[in-house]
Each structure stands twice: as C-alpha cells, then as structure tokens.
Amino acid sequence: MCGIVGAIAQRNIVPVLIEGLRRLEYRGYDSCGVAVLAGGEPHRARSVARVADLDAQVREIRLEGVTGIAHTRWATHGAPVTDNAHPIFSRDALAIVHNGIIENYEPLREMLRGSGYTFVSQTDTEVIVHLIHSVYRGDLFAAVREAVTQLHGAYAIAVLHKDQPDTVVGARQGSPLVAGLGEGENFLASDALALAGSTEHFIFLEEGDVCELTLGGVRIVDRSGAFVTREIRHVAVYGGAVELGPYRHFMQKEIFEQPRAITDTISQIDRFDASLFGADAGRVFADIESLLVLACGTSYYSALTAKYWLESVAKIPTQVEIASEYRYRESVPDSKALVVVISQSGETADTLAALKHAQSLGHVHTLAVCNVATSAIVRQTALSFLTHAGTEIGVASTKAFTTQLVGLFTLAVTLGKLRGRMSAAQEADYIRQLRHLPAALNSVLVLEPQIIAWAEEFSRKEHALFLGRGLHYPIALEGALKLKEISYIHAEAYPAGELKHGPLALVTEAMPVVTVAPNDTLLEKLKSNIQEVRARGGQLYVFADADAHIVNDEGLHVIRMPEHYGALSPILHVVPLQLLAYHTACARGTDVDKPRNLAKSVTVE
Ligand code: F6R
C-alpha cells in the first residue's frame, strides 16, 4: 500500500527519495510523487505510471533539493489521477505525503472551506495539509502537533514548509513510520526497507508520536505532548531483496527461495522448547487451554492448516477466524486462550485491529507469527515467532506462507510436548522431518517444466476448481487464491467430500479440477472423489505423491510429487500450486508481481 520516504541532507536528496520509492513499489501503488524545497519554494513531480516514469520526469525537469518527501499512493479517497497523487500542497507553502485514512475528513473539509481554503483533490489528505497550514505560526513541528489532535483515523505523514528548509516533520497514528539516522543527514520512511543503503540506524516511532528531523538529529514528542527519547535500533536492512537476479519476476524468485527461507527459519530450532516463542512462553503455555488464531488472506490459510496440527499433534482446541470478521463480531473472550496472530508484514490493519480487539476483551496471552521483527503486530504481542523468509516483494505471498507453516508446526509440536503428548522418539522424528524439508522442497521445484506445460492449458481457461481433503484442504484454498489473484482466472476450492453437495454441478470438460493428492489416510476417499469428477467428463490435474498409485489416464493428468512427507506434506504440496499460478499468469501476460487492484501490505481497512 502507500509508501512514504522523506529526507534532509547536505546533498541532492532526490535520487535517495526515488530509490526509496523503488524499494517500496512492491507494496502496490497506482500513483507516485516527490517534492523538494528549492529556491525557497516547494517543487514537485507526480506520475500515475510507475516510479521509473517519475524518475524520468525528475531528471528531465532537473528537480533537485536537500530537503524532500516522496510517496507511492494506493487510492482510497479519490481516483488514481495526478491531482490526487501526493505530495499535496497547501497554498504553495506546505507539502505533505500521507498513508492511512482520515475518518473525519468531511467536517474538517467544511470547516477549512469556511476559512477560505480551496480543495483541488478528492483526497482526505488535503484536509491535513490545509489544517497544518491554518495553525502554522512559524514553527512546523508545533503546527503538526496541534493539527494532528484534530484528526480521527489512521495516518503516517511527512511534511515540509517553504519557510523552514532545514526541517521535515513526521507523525504517526495507526500507520507505521520510522526515522532513519544517518551521518549529517536524516530520513523518514514507512518501511525501513526504503532506506536500505542510506542507514542502518532506526527509531520506530510509536503510536501518537510526532517527530522533527533536521540535519542535527531527530526530536520526538509523544501523544501526551512530552519530549521523549526512543530506542535507536540497528537493523541491517537487506537491500539485495529488491534485486531480481536471474528470475523473471519476484514471485518466481521467492518461490525458488523457499528452501533457503526454510533453512533460515529452522536454524533457530534444535529442539521444541517454549523459549523459541519468547522468554515468558513457558509460563504462558502452561496456563492456556485453547487457541484463537486470527489472520487474513494467505496467512489465514496457514492458520487453517495449523488447526489440523494443533488439534492432532498438541490435542489443544483451536479456533481460526478471519481477522476482519472477528474484530467486528461479538465474541466470548476466554482468559485461558492464546491469541495467535499470523502476518507476513506485521502491519495488516485488520489483523492488528483484531489483536487489539481481543486484548480489549481481556485476552492476555498473545503470540505473533510474523516475518518482520520490528512490525506493529510483533510489538503489540507478548510472544512471537519470527519467520526468516526475508523481504517478500511479490504481492502474492509464497515464501512467507511456507515459513509461517514451519513456525506453526513448531508451535503445535512444542505445545504437544509440554502437554505430555509426545515421546522423545516422536520429537526427534519431527526435528528430522523439519531438517529434511529444504532438500524435499528442492526436489519439488524441479517439477517446474511439467507445470509450465499445464499452465499453457490453464491460461486458456476462465474457471478452475481446486480440491483437497483434511490437512490439504487449506492448501487447495491457497492454490485457488494464488491462481485468481495473479492470473485473474476465477478459482474456487472445496474439500473434495463436499463436491456432491453442490459444486459437482459445475463440472464439465471446460472446468479444470486441480487436486492435491498426498498419500495420507484420506487417499482412498479422495480417489473416489476423483472418479466422481471423471464420470462427469471433468478434466483432472492431480499432484499425487509418488506412492499414491494415481496414474495418467483419459481426463486424468498426473504430476508425481517426489515423496510422501507425513505431517509436513502441506509445505511441499503448496509449491506446485504456486508454480501453476505463476506460470499461468505469465502465459496470460499479467503483471505478476503487482496484480491489479491489490497491494502488498494492506495497512488500511
Ligand atoms: C495473498 C496475500 C494476501 C496476504 C494478506 C495478509 O497472496 O499475500 O492475502 O496474505 O493480505 O497479509 P499479511 O500476511 O501481511 O498480514
């Protein structure tokens, strides 16, 4: 979603701002812009195309300056047109970039119109910049502090004023913002990744903070108005994540990175111990009697998979819920439940709000499974398990999903062990299985050429059904989500046993039916479901374990998975579905890494 970069330096800062935007592109956006102070005036360039187009513009008009702000916008209020692109100005004196949504923008706009301000955009952001202008009395830091007290909603902002060329002011409430500290230069960004290569020293601003950046340093005022000192954290941001290397798209690169991502994630696990989840986890795990797991999208499907593990391995009752539903539904809190939130970004607004909602109801035990150590969700939970997937750039989540599954499996086994459900031999076997995963994944990835051949056929379809059973039903759901979000083919997933209760009516020879067929206890039932589809002329595309004895036949296309992999099988079976979606999308010529209408990090509701 929207991204912010800001900087004050003693050199031309435009290349740093543009590079920062380039690093934030993966979050999804539909317009972008940059403003700098030059010759005592704010100057800007904006584009409804890509950052590369903005870069070409700033070179052409020779936009240069030592103080600047920049933005990638994902439209909420107002269409993605140039007038709505940030930075937004007030009376050619103030410039602002904003992430988030201002809920009381309508009364504020009426009030500001009454004071003589003219609105030229359809954005909620324009009320903020005029509001700051209306209270400005020669001190930008003070004006922003005063103005934000009138805002309701979520925001991260960066602001500059023509009369204070040595200052950038930022503020956050509900949307992330970090200050980056350099040598004689300082930065602001919505994501530390934007500043890779510029600094490794960050202050993660807290809710309600307002900060002032000058060449000399950063001053911060908290929501009560008091000056505060926040911890400076050293974060080695891995800039290489935004390099594509030999791959055609980031999604392909990230699919192939999964053996490495899982190796890094399991490197912290040499036994199943509560301490993997935080210093206090032993006490918390001894106190809980159930789990409530909250997440969105792909992370929700990892939660659904985990439910099978948690109930079968740990024998602990587990409820899984979509975060955006849970946060608005009346529910009965349980002080003995561990609330687990799963998120790649750690910034998903619905998941964060669901967590806070659970806490407001009295849930005291919270744990995050997350890919970003410094994210809002990790900071809001008492316990955490960090996946080490590395930055995920492709909008469609891949390596974050499989590393989440590793974390959740580890949680299930750890809880099972603590609850006396596991022998030492079983524990040792689970460790062995985890360690074998990267090699097993490599042997799944070599199936890519066979999957490309299927993808050619899929690219000519408009609908697809995905089937799975038990532990692999969430994998079918994830396969369908991947296909629809990047290839725009309508896809639905069903537990195979449900076919005859409705979806079988859809089956014709034009409907490909993708089936996940591990050699587990439900295999014979699944084979019957396959026959139900074949008998109705359906075309089956089955990913079958090597020893499942499902072979190519009329209407039955089979790719054999290298081995059967027991409890961890979902982590292997999702990979060919990622590849199928990826190559189908490539064959259809879609923008794989930035599918239409979607953003990487959904930081607004
Ligand atoms: C799908 C996808 C999304 C995210 C969802 C939650 O490929 O990436 O469905 O899984 O928006 O995001 P996180 O995990 O960052 O909370």
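Is Ala286 buried or exposed? At 68% relative accessibility, Ala286 counts as exposed, where exposed means over 50% relative accessible area, buried means under 20% and partly exposed lies in between (1.4 Å probe, protein chains only). Everything here comes from a predicted model, in which local features need pLDDT of at least 70, side-chain atom pairs count only at pLDDT 80 or more, and totals for chains, interfaces and linings use all residues. Residues are numbered from 1 along each chain as its sequence is written, and side-chain values use heavy atoms, with hydrogens and water left out.

**View A. Ala286 on helix 8.** Ala286 sits in helix 8 (residues 281-287); helices are DSSP runs (H or I, at least four residues), numbered from the N terminus.

**View B. Domain layout.** The chain is split into domain 1 (3-242), domain 2 (250-444) and domain 3 (448-588), with bounds from an automatic or database domain assignment. Between the centres of domain 1 and domain 3 there are 46 Å, taken over C-alpha atoms.

**View C. Helix 1 against helix 2.** The axes of helix 1 (residues 14-24) and helix 2 (residues 51-60) come within 10 Å and cross at roughly 170°. Axes here are lines fitted to C-alpha atoms over the stretch in contact, with angles from 0 to 180 degrees between N-to-C directions. So helix 1 is roughly antiparallel to helix 2, a label for angles over 145 degrees. Val14, Ile18, Leu21 and Arg22 of helix 1 meet Val51, Leu54, Asp55 and Val58 of helix 2; contact means heavy atoms within 4.5 Å.

**View D. The largest nonpolar core.** This core has 91 residues, and Phe285, Leu291, Val340 and Phe466 have the most contacts inside it. A nonpolar core is a set of buried Ala, Val, Leu, Ile, Met, Phe, Trp, Tyr and Cys residues joined through side-chain atoms within 4.5 Å. Helix 18 (residues 569-588) gives the largest share, eleven residues, and domain 2 and domain 3 each supply at least three. Zoom in on Leu291, not counting residues up to four places away in sequence, and its contacts include Leu310, Ile316, Leu338 and Val340.

**View E. Thr305 in helix 9.** Thr305 lies in helix 9 (residues 297-312) and counts as buried, at 0% relative accessibility. Leaving aside neighbours within four places in sequence, Thr305 is in contact with Leu405, Leu471, Pro474, Ile475 and Pro570.

Definitions and conventions. Helix = DSSP H or I, 4+ residues; strand = E, 2+ residues; numbered from the N terminus. Parallel < 35°, antiparallel > 145°, perpendicular 65-115°, else oblique.
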